[in-house]
Amino acid sequence: MTPNMFSYLSLFLIMTSTLLPSASGVDKSKFKSCEQSSFCQRNRKHQPHEQKWALDLSTIRQDGLDVVGLLADQNDENIKLVLKLSLTQKGAIRMKIDQMNPSRNRFEARESLNPTLTFKQLKVIEKTDERCSFSFGYSSDPKKDQRDNPKAEEYKLILNAVPFQAEVLNAEGKTVVLINSRGLMRFEDHKDIQTAAPSEQPLYGAPVKAQAYDEAGKPINEEYPDDIERASPSDQSETQQLESSNSEIRSYSETFSTFVDQRPYGPMSVGIDIHFPTSDHVYGIPEHADSFSLKDTGPNIGDPYRLYNVDIFEYELHSPMALYGSIPFMMSQSKTTGTFGVFWLNPSETWIDIESNHSQTRNAGVVDMISSFVSSDKKMTGRFTHWFSETGLIDIWLMPGPEPATVVTFNAEVFGTIPMPPVYSTGFHQCRWNYYTGDEVMQVDRGYDEAEVPLDAIWLDIEYTVGRSKKYFTWDPVTFANHNQLANNLSSKGRRLIAIIDPHIKKEEGYDIYDEGNAMDLWVKDATGRNSYEGWCWPGASMWPDYLSPKVREWWATKFDPAYFPGDRNTLVDIWNDMNEPSVFSGPEVTAPRDLRHVDGWEHRDIHNMYGFLMTKATFEGLSKYRSHLDRPFILTRSFFAGSQRYCAAWTGDNQARWDHLKITVPMLLTLSISGMPFVGADVGGFFNNPESDELLIRWHQAGAFQPFFRAHAHHDARHREAYLFQGQTLELLRNAISLRYTYSPYWYSLFFESHITGMPMMRPHWFHESYDERTYDLEDQYLLGYALLVKPILDKGVSSIDVYLPGVSGQTAWFDLNNRAMYQGGQSISLPVGLSTVPLFQRAGTIIPRQYRIRRSVELLMRDPITLDIVLGDNQGKSYAHGSLYVDEFKKLEADTDSASLKDILYYDDFLYVKPSTNADIVHGTIERIIIYNWPANKRIKSIIVAPEDNNYTNSQTLNFKLESPRQDGTSLLEIRKPQLSNQWKIWMLKIEALNP
Ligand code: NOJ
């Protein structure tokens, strides 16, 4: 067969195999289980204190701002570790354990850290013969000596010397975290290959012609180009060996399926146990398609949660299997001690076991062996977690609460927050694999306009490239001949064109990206470190840029000069980075072999989980450097790691058009949101297959409308289902769902701003604000959008009534049902009838939400429209009360700065409404056209409503029109104040409602 014929056949086979998703779901045999991973086995089988770590207290000393000391294994004098403790400016502690004089350095994920992160002096506050301790915790202004909230700072970290253990106490002296209390700390010292036992020597199987696989892991061809080779499955007894006793477990080369991982450095895994004795609930460690409150794992239950970025085809729900991204961050929540966050900063493959007391079997009796350091009441309660990674450091960040918001502050300090998004990206997006021509894109654009459904972005999948070659940064000269004009037409309506750019670079001479990559030596290398690695992905034979190298990232960034791509300096196209786990069809577990080489000799295993992160970092740097004259960058990624939020939004990959996949979106997105990655969404409608009914599609749009990233997408084999293609009731309900989101645009934008500044996610579990309310701890089908809105999406088929839990305390917390206009006290479950048109939403009493009710084609066209303030009054010691805020800016700058932005604080108190700016700027895009108070006490009659431009100055006051609806059963009525004419007095104004004496 000629090479060309080969490529076409392969492409055909790839296309057909992805056209026909199997009915059976994920093929588990393509992905490693813990049984098949030797380091997972070794760590799971690690006996308590198998390595007897002792901290030599005599070595504890200040090292600049930090404190360092030495750890030794009392069973093996040869291995010495350096423990380094650092204190962030805001008061989180980093506990880093590295090897002293290692023969091979261990990778530290520096790129992942927020570049603005700084540290302050950490001091030993107490030292005895057995232990030493430190204080830490939140300090709102790190420069101040007198801190605002001394209580919050009173966390104490105590290090016990023998055995080495760490304990965190809160301000009341309660133990909230224990580290290594079960003695599972493991630090594998790499042995030179020469000194390894013969049974441990790596296997270099004879290279054979390999099979190639598609994304689903299905063989796509029998033949393979001669120059792509990989090792043979020469060791059939591997699994047996893994299952044999601990000492026999092979540490060097490991076979999986037909792949041999050569592991020249042998065992380098690290692990430790972290116990939350007061918490029954732990959350985080995305990405898994599982419950929000994490489940127990353990050898008797199944695999640990796995973090290993992979392209998984038809993923399974309620599973600890790895998905596309990883954030090794966990939050624990306890009624008695509040919230605590732990980050395990390690980008190599990581597994996490979680056990509660009742599921402990593996280490029964262990707790009794633990020194008296841990009192018996703490030993058996709460959740135990056990973390282990294939290589790298033990790099633990302790982020104390007790409030969830405080933990979020630390996460934001260490890993950064989202950039301000371009406004359009907060609207509705329409994607499909693929819109095949520019005309088709314009049809979608027209379709939405004609059906009067708002839309902000149209997406191009991989087929826009020249000849559908998947040569990124190229356009097909026929189907996308006028791509710049196409993008500009969309931009003129406030819409955007977004194009996919994947990391696999087609191996084809004459393709400039490939030629440059070769000439400049930019590709990831094979296991020898000498030759560029070649694998298989959409374009056929491909190369992968080594984004770990700053040189490669700089080169990649230049490709986002709009003069190069899309091809005109003034044309705006945003970017979708997909397949960046990286997905390698010909690789083990559909990804890159672990023994590939990156810059400075790092193995791929050292950095695997941050490959996608590094790609988006390079893309972001390109867009911000070369495109700042046009708009803020927007990037969507499939793969992510800690810190990805600084560069991109993420979505949950290839879900299915099924009810259970709609349902899992909420826990999956909540998990990402609390882990520092708040700009997230799931394919609306489901990627694979067709929704069984219009009902599913409608419910999915209604749910997606209240999730941060709102994009409909479908596989090329699925029927077209763009909203405008429907008629009658379906069209109306899809239009209503999407339009409803747009009415909340100023609220969304203000929430994005809050997240940009503080890290607070837009989508929040109820316990973020009602942390005392234990009934919220395992809620995962309703959540808060910001502080003010309770969202209860309908996620089941044929629903005619819903049960909603309204969190809080009766008399203190109340919720206003925006559908039936009834007020309910907090702390109760209610049942409500719903129809297909119902989108259950509740506004918290005591809040003000800015909205824009005019329906426009896009968010950008709407953002300068007049604003309505939706007020639900609360009660503050007998006085009516409500609070909200509105953030506005010029929509262009990357960072929100006070010169070009304005944050309005809106306060209602005792019949006065004040608007006060918190910044110097006085940006107003539109007037306030309406103020709605939903629950005005009907017996309180109004004499007049007047508005004054400044505090206490009524000389120029005006009397306003208002309308009071007839009272409802609960004695309230809706008060609507029309045209308060405040456009020029936005800076400080005050509105006074004068009531008649009863
Ligand atoms: C996989 C992505 O998850 C999917 O959204 C996309 O359509 C295909 N790759 C093709 O690019």
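Student: Does Cys648 count as buried or exposed?

Tutor: Cys648 counts as buried, because its relative accessibility is 6% and the cut-off for buried is under 20%. Keep in mind that this is a predicted model.

Now the bonded pair. A disulfide is a covalent bond between the sulfur atoms of two cysteines. Here Cys34 and Cys40 form one, with their sulfur atoms 2.1 Å apart. The cut-off for such a pair is within 2.5 Å. By that rule, the count comes to one disulfide. The link of Cys34 and Cys40 is left-handed, with -100 degrees about the S-S bond. Both ends are covered: Cys34 is buried, and Cys40 is buried as well.

The protein has 998 residues, and 65% of them count as buried. It holds 17 helices and 56 strands. Take the contacts with a separation of 6 or more: 72% of them join residues 24 or more positions apart.

The structure holds 13 cavities of 30 Å³ or more. The largest cavity has a volume of about 110 Å³. Its lining has 15 residues. Trp433, Asp461, Trp538, Asp578 and Phe687 lie nearest the centre of this cavity. By class, the lining divides into eight nonpolar, one polar and six charged residues.

Last, the open space. The largest pocket has a volume of about 1200 Å³. It is lined by 44 residues, and Tyr787, Ala845, Gly846, Thr847 and Tyr881 are the closest to its centre. Helix H16 (745–758) gives the largest share of this lining, seven residues. Several strands each supply at least two residues, including S45 (847–851), S48 (879–889) and S51 (928–937). The pocket lining divides into 17 nonpolar, 18 polar and nine charged residues.

Back to your cysteine. Cys34 and Cys40 are buried and form a disulfide.

Note on methods: Residues are numbered from 1 along each chain as its sequence is written. This is a predicted model: local features need pLDDT of at least 70, side-chain atom pairs count only at pLDDT 80 or more; totals for chains, interfaces and linings use all residues. Side-chain values use heavy atoms; hydrogens and water are left out. Buried means under 20% relative accessible area, exposed over 50%, partly exposed in between (1.4 Å probe, protein chains only). On a 1 Å grid over the protein atoms alone, a cavity is a set of points where a 1.4 Å probe fits but cannot get out, and a pocket is an open set with protein on both sides within 12 Å along at least five of seven lines; lining residues have an atom within 4 Å of a point. Grid points are joined across faces, edges and corners, and a volume is the space filled by probe spheres set on the points. Ala, Val, Leu, Ile, Met, Phe, Trp, Tyr, Cys and Pro count as nonpolar, Asp, Glu, Lys and Arg as charged, and the others, Gly among them, as polar. Helices (H or I, at least four residues) and strands (E, at least two) are DSSP runs, numbered from the N terminus. Contact means heavy atoms within 4.5 Å.
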